[in-house]
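Hi everyone, thanks for making time for this one. I'd like to walk you through a structure and then chat about it together.

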Amino acid sequence: MFSSVISLGVSGIGGYLVSVEVNISNGMPHFDIVGLPDAAVKEARERVYAAVKNNGFRFTASRLTVNLAPADKKKTGTVYDLPILVGILAASGDLKKPAPDTAFIGELSLTGELRPVRGALPMALAAEREGLRRLFVPAANAAEAAFAEGLEVYGVKDVRQLVRHLRGEETITPTPAPNLATDASALLDFADVKGQENVKRAFEIAAAGGHNILIVGPPGAGKSMLAKRLPGILPDMSREEIIEATEIWSVAGLTSDEHPIVAARPFRSPHHTVSAAGLAGGGAVPRPGEISLAHNGVLFLDELPEFRSDALEVLRQPLEDGIVTVSRVAGSVSFPSRFMLVCAMNPCKCGWYGHPSGRCKCSEQEVHRYHARISGPLLDRIDLIVEVPALDYEELRRRAPAESSALVRERVNAARERQRERFSDRAMCNARMQAKELRACCALDAECDALMKAAFETMNLSARSYDRILRVARSIADLEGTDSIRPEHLAEAIQYRTYELKR
């Protein structure tokens with residue numbers, strides 16, 4: 001007796017079809033799973049056997065072979081428990097063979113309840129691409145999988161409910177697509193920050209163009225406070241961006257029944273003890289790291305010089321390419337990693353270098369050593385460097401309300417809309433312009449060219465710094481709603497690269 005059930009798997013953050021073939025033949029009782037299964041897949045034998053027996057079904061006392069095709073692709077995880085059980089019941093005659101446009105995924109408990117699995121959305125999208133019509137998933141994964149269009153997703157609580165549905169005795173209602181509305185009140189507001197208007201302006205420019213930013217200032221100046229409020233002024237996410245971010249979080253196991261979709265831009269703030277693998281991703285089965293979890297959002301590195309040098313150098317290639325490739329014995333996997341890098345640091349080890357109070361006791365050598373922890377190539381990839389001064393008493397006691405994040409976000413959304421019209425691409429922003437777009441969108445008149453030449457020669461800028469100044473100037477012009485870059489836009493962009501670390 002033979003049956004075949006469609007299931008799905010995940011490689012990296014992409015899903016693919018898996019055919020679960022079940023064959024029952026004469027011979028000594030034996031249950032074997034083939035098709036390059038890992039330990040978790042092999043252990044499905046015990047879970048499936050217990051679930052079948054504990055729900056009152058007959059488990060065959062013959063030779064049972066399960067093949068996961070394609071057999072040359074490594075199968076990992078617990079997603080194949082449910083399709084194996086359905087295949088066994090179909091081959092035994094307890095169930096009709098499922099339709100060829102129906103797929104099953106899910107982990108079983110020993111009592112037959114379904115537990116959530118990782119990668120529900122990538123697998124649902126793969127099912128949609130392959131033309132499947134119905135997908136049965138654990139109830140906790142249903143809302144996430146339902147985000148795939150053109151697919152009926154059924155959330156299943158346990159084996160008994162599924163069998164009754166397949167026999168026509170009970171109907172499981174398809175799960176509707178999740179609500180993407182985000183609670184704006186949950187985001188921190190720039191109105192809470194007193195003073196620091198120049199820094200808020202820099203964050204607005206960074207948000208408008210997707211630029212990387214470094215803020216330098218003494219303890220208590222508000223660096224972390226400002227950075228944590230950046231998501232409140234970032235533009236709304238498109239459906240494509242939501243799918244990309246949710247796929248990554250789903251594979252990492254960070255989605256849940258309460259939060260099935262990443263509808264707000266991610267904000268990741270790893271501790272400075274994080275390893276290079278923690279940032280880039282890794283593991284025996286490669287999983288996304290912090291820079292991929294921050295995809296389409298913000299990666300905030302507080303106390304930048306305290307991070308390990310090898311961890312910081314991992315950022316260099318993803319900042320340029322928007323992708324990180326993790327190579328392990330099990331294979332090579334690429335994860336998207338387009339993020340805004342926001343860094344914060346003190347001007348010295350004690351934090352008070354250059355303060356008028358003279359509280360800093362660090363020697364010049366110690367200050368140089370502290371700044372030297374940040375490599376030149378990494379610093380060259382940061383678009384804006386802004387000094388955050390300590391607040392005086394009058395600024396702290398001021399009660400006048402500051403501008404809210406909602407007002408800033410309106411201007412940022414307007415600037416991003418100009419960029420979408422210019423590039424005809426919702427995911428494109430000024431920070432990602434390449435040479436072709438720079439020539440077309442950042443042409444300088446004679447006055448701007450003279451200003452840029454003077455800055456290039458005086459500040460000993462690199463070619464990368466030259467391009468980044470042009471991109472920032474373009475974002476400033478977009479915030480003002482002008483088609484061309486004017487001298488004041490260029491001067492402000494140059495100003496954000498005048499802070500010189502003591503190297």
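I'll start with the chain as a whole, then go to a helix, the cores and the aromatic pairs.

One thing to keep in mind: this is a predicted model. The chain has 503 residues, and 53% of them count as buried. Its secondary structure comes to 21 helices and 18 strands. Along the principal axes, the C-alpha atoms fill a box of roughly 85 × 45 × 45 Å. If you take the contacts with a separation of 6 or more, 74% are between residues 24 or more positions apart. For those of you who think about charge, there are 62 positive and 64 negative side chains, and the centres of the two sets lie 4 Å apart.

Now please look at helix H4, residues 120–129. Eight of its ten residues are buried, so the helix is largely enclosed by the rest of the structure. Among those buried residues are Leu-121, Pro-122 and Met-123. And what do the buried residues of H4 pack against? The partners are strands E1, E2 and E8, together with helices H5 and H9. Just after H4 comes Gly-131, with a positive phi of about 85 degrees.

On to the cores. The largest nonpolar core has 100 residues, and Ile-84, Leu-214, Leu-301 and Leu-315 have the most contacts inside it. Helix H3, residues 81–92, gives this core its largest share, seven residues. There is also a second, separate core of 49 residues, which includes Ala-415, Cys-442, Val-472 and Leu-490. Going back to Leu-214, its contacts beyond four places in sequence include Leu-304, Cys-343, Met-345 and Leu-384.

The structure holds seven aromatic pairs. Take Phe-104 and Phe-136: their ring centres are 5.0 Å apart and their planes at 10 degrees, so the pair is stacked. Phe-104 lies in strand E5 and Phe-136 in strand E8, so the pair ties together parts that are 32 residues apart in sequence. Both of these residues, Phe-104 and Phe-136, are buried.

Phe-190 and Phe-203 make another pair, with centres 6.3 Å apart and planes at 50 degrees, so this one is tilted. Phe-190 sits in the loop between helix H6 and helix H7, while Phe-203 is in helix H7. Phe-190 counts as buried at 2% relative accessibility, and Phe-203 does too, at 0%.

Conventions:
Residues numbered from 1 in each chain as written. Predicted model: local features only at pLDDT ≥ 70, side-chain atom pairs only at ≥ 80, totals over all residues. Heavy atoms only, no water. Helix = DSSP H or I, 4+ residues; strand = E, 2+ residues; numbered from the N terminus. Buried < 20%, exposed > 50% of the residue type's maximum accessible area, 1.4 Å probe, protein only. Contact = heavy atoms within 4.5 Å. Lys, Arg positive; Asp, Glu negative; His and termini not counted. Charge placed at Lys NZ, Arg CZ, Asp CG, Glu CD. Core = buried A, V, L, I, M, F, W, Y, C linked by side-chain atoms within 4.5 Å. Phe/Tyr/Trp six-rings, centres within 6.5 Å; stacked < 30°, edge-to-face > 60°.
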